[in-house]
Amino acid sequence: MKKIVILGGGYGGVLTAKKLAKKFKNDKDVEIKLIDRNPYHTLLTELHEVSANRAPEDSIKIDLKKIFAGLKVDVVLDEISNIDFKNKKLKSDKATYAYDYLVIGTGSKPTFFGIPGAEENTFSFWSYDDAVALKRQIRDMYTKAAKEKNPAVRRAMLTFVIIGAGFTGVELVGEMAEQRDELCREFYIDPSEVRLVVADMAPKVLPILPDKLIQKAEARLRKLNVEIVTGAKITEVGKGSVALGEKNVVESQTIVWTAGVEGSEIVGNLEVKQEGRKRIVTNEHLESVDHKNVYVVGDNIFFIPEGESRPVPQMVENAEQAAPLVATNITADIKGTAKKAYKPAFHGTMVSIGSRYGVANVGLPGKLFMLTGFMAMLSKHFINMFYLSQVVGFNKVWTYMMHEFFHVENRKSFVGGHFSKRSPNFWLVPLRVLLGGMWLYEGIDKIKKIWEDPDKIFLIPAAPFATDAASSASVAVDAVKETVDAQSAASAVSTAKEAVEALWVPDFVHNTTNWFMDLMFYNNDGTYTFLAKWFQIGMVCAEIVFGIMLIVGLFTALASLGTIAMAAMIWSSQMASTEMLWYIAAAIATIGGSGSVFGLDYYVLPWLKKQWKRIPLVRRWYVYTD
């Protein structure tokens with residue numbers, strides 16, 4: 001039995017474990033274990049959204065048990081205090097874990113550069129708990145300031161200082177700037193009293209980006225009334241104040257530290273070669289240079305790729321690219337095949353400044369494009385969803401879309417507030433019942449004629465090449481009269497041609513429909529095939545079934561989509577009047593949960609969701625919503 005242990009449930013650890021589980025899913029001689037002190041994986045790149053109350057707290061957590069449901073990974077909750085490389089064991093206060101191959105992915109922690117008072121008097125911002133604590137602190141300051149009579153104390157309460165103008169600091173202060181107006185309205189505070197400061201010892205914000213994007217970012221921050229202090233040496237952080245240079249002491253009761261990171265505490269204490277703030281030096285296979293059975297992933301890697309002068313950056317994409325390579329090389333070790341070298345190809349960086357604006361430098365390796373505003377935010381959301389699709393597939397991508405696009409308060413969505421505007425579903429009940437009733441009426445009316453003469457075809461136009469022109473015209477007129485367009489009899493029988501042309505159909509659509517009907521419904525002499533009869537019966541039955549489903553509110557989304565499909569078929573055959581637009585518009589309106597009130601969906605769907613989630617294959621592929 002080969003024992004593989006992944007230490008750390010961050011980006012790198014989770015992806016490595018999933019890749020290994022896939023490679024060894026049928027191998028009973030390989031055991032995979034992931035150890036972390038928390039039962040959840042944290043989306044560190046989204047912490048700012050929780051702190052400024054744009055997204056709910058649980059949106060940045062993913063249960064590790066959910067991630068590995070149905071996979072060959074044993075999740076262990078424990079805090080490792082020491083690694084014995086010689087004897088291949090990990091030790092905690094309560095247990096010892098043996099390994100044959102170890103993957104270290106414990107991530108980073110804030111570094112304070114030895115600045116007096118920095119660690120003791122600031123809020124860290126590098127974990128789920130940090131984000132939640134800061135969220136409560138921000139609200140507490142507004143709450144207390146609303147009642148504070150002392151101007152100096154009130155000013156300190158309403159001054160927020162973010163130390164560090166990299167990605168984390170800029171994203172956080174941007175969110176706080178957007179939140180300011182909301183909190184000021186709630187607590188009756190003049191927004192001019194609130195002071196937001198982002199400060200850094202570097203000469204400019206976001207130094208990794210091109211100057212043009214830096215200028216755009218600075219302009220956006222100033223538009224949000226954020227003070228930018230750069231080139232300021234942070235000399236000391238007191239309890240309630242911070243020195244931004246020798247003469248600039250800012251009084252503040254909320255000082256957040258985002259100025260830098262270093263390797264996790266356990267990594268710093270390991271007897272392995274380290275460089276660059278406690279990062280483990282690896283070879284090209286991402287193995288520790290000291291221990292060939294120990295691999296490193298994510299922020300813990302210190303590796304300078306061939307042709308580069310700097311080590312790989314500490315960012316999510318590094319973890320995404322390193323994880324499959326580590327899994328491949330461990331597999332190669334076990335199977336005795338050749339290993340691969342790490343050749344990362346990064347696709348750029350992006351930063352959001354509030355919910356609706358961002359800057360990005362993204363593209364292909366060696367060919368990056370500068371994006372701002374909507375396009376930058378689009379790229380950020382796309383990349384986030386791509387990562388989530390690898391971790392928990394549809395389940396988390398759906399949740400992400402809900403809290404980023406559709407369940408967002410105060411119009412905090414890059415696609416605007418229209419998509420997130422919500423109203424009670426019971427307003428749609430009359431429309432749902434009326435739509436269902438119309439389809440049911442049409443179906444019952446037609447079923448009578450089918451019952452009288454099952455061979456009479458009236459829902460499919462006569463073949464354009466039929467030998468009997470008079471018969472063709474007669475059948476066409478009958479077809480128009482019987483469609484769900486509900487035209488008056490007088491206009492329907494005037495001429496078949498006029499009725500058919502009531503709604504315009506592009507030629508390529510009509511030609512495609514004719515080709516299909518020629519293939520399925522017409523004989524060579526222009527008469528109907530047996531399939532035409534059963535298609536007509538099926539259409540009429542569908543009208544009745546979908547009508548009943550809409551009336552009782554059972555699977556209303558499916559029924560609405562079904563009626564749209566039927567309407568589209570009628571339209572494509574040039575047999576729909578303008579009234580068909582009403583049917584389609586009403587069906588679109590009833591797709592989104594109209595059966596969840598005063599309908600059977602209220603009872604049926606929750607029960608089905610519960611049963612659905614219990615299916616092993618569903619949990620393994622995450623094809624469910626919470």
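The close-up views below are taken from a predicted model.

View A. The crossing of H12 and H19 is left-handed. On the side of H12, the residues that meet the partner helix are Leu431, Leu434, Leu435, Met438, Trp439 and Glu442, while H19 brings Trp582, Tyr583, Ala586, Ala587 and Ala589 to the contact. By class, this contact of H12 with H19 holds 10 nonpolar residues, no polar residues and one charged residue.

**View B. Helix H17 meets helix H18 in a left-handed crossing.** The axes of H17 (residues 530–552) and H18 come within 9 Å, with a crossing angle of roughly 145°. From H17, the contact takes in Phe535, Met539, Ala542, Glu543, Phe546, Met549 and Leu550, and from H18 it takes in Thr556, Leu558, Ala559, Ser560, Gly562, Thr563, Met566, Met569 and Ile570. Sorted by class, the residues of the contact between H17 and H18 comprise 11 nonpolar, four polar and one charged.

**View C. Helix H1 packs against helix H10 at an angle of about 35°.** The axes of H1 (residues 11–23) and H10 (residues 316–335) lie 8 Å apart, and H1 passes H10 in a right-handed crossing. Tyr11, Gly12, Leu15, Thr16, Lys19, Leu20 and Lys23 form the H1 side of the contact, whereas the H10 side is formed by Val316, Ala319, Glu320, Ala323, Pro324, Val326, Ala327, Thr328, Ile330 and Thr331. The contact of H1 with H10 has 10 nonpolar, four polar and three charged residues.

**View D. The second largest pocket has a volume of about 1,300 Å³.** This pocket is lined by 39 residues, of which Trp398, Met402, Lys609, Thr625 and Asp626 are the closest to its centre. Strand S4 (61–63), helix H11 (373–406), helix H18 (556–572) and helix H20 (601–613) are the elements that each give two or more residues to the lining of the second largest pocket. H11 provides the largest share of this lining, with seven residues. In terms of residue class, the lining of the second largest pocket divides into 17 nonpolar, 13 polar and nine charged residues.

Notes. Residues are numbered from 1 along each chain as its sequence is written. This is a predicted model: local features need pLDDT of at least 70, side-chain atom pairs count only at pLDDT 80 or more; totals for chains, interfaces and linings use all residues. Side-chain values use heavy atoms; hydrogens and water are left out. On a 1 Å grid over the protein atoms alone, a cavity is a set of points where a 1.4 Å probe fits but cannot get out, and a pocket is an open set with protein on both sides within 12 Å along at least five of seven lines; lining residues have an atom within 4 Å of a point. Grid points are joined across faces, edges and corners, and a volume is the space filled by probe spheres set on the points. Helices (H or I, at least four residues) and strands (E, at least two) are DSSP runs, numbered from the N terminus. Ala, Val, Leu, Ile, Met, Phe, Trp, Tyr, Cys and Pro count as nonpolar, Asp, Glu, Lys and Arg as charged, and the others, Gly among them, as polar. A crossing is left-handed if the near helix is turned anticlockwise from the far one by less than a right angle, and right-handed if clockwise. Contact means heavy atoms within 4.5 Å. Axes are lines fitted to C-alpha atoms, for helices over the stretch in contact, and angles run from 0 to 180 degrees between N-to-C directions.
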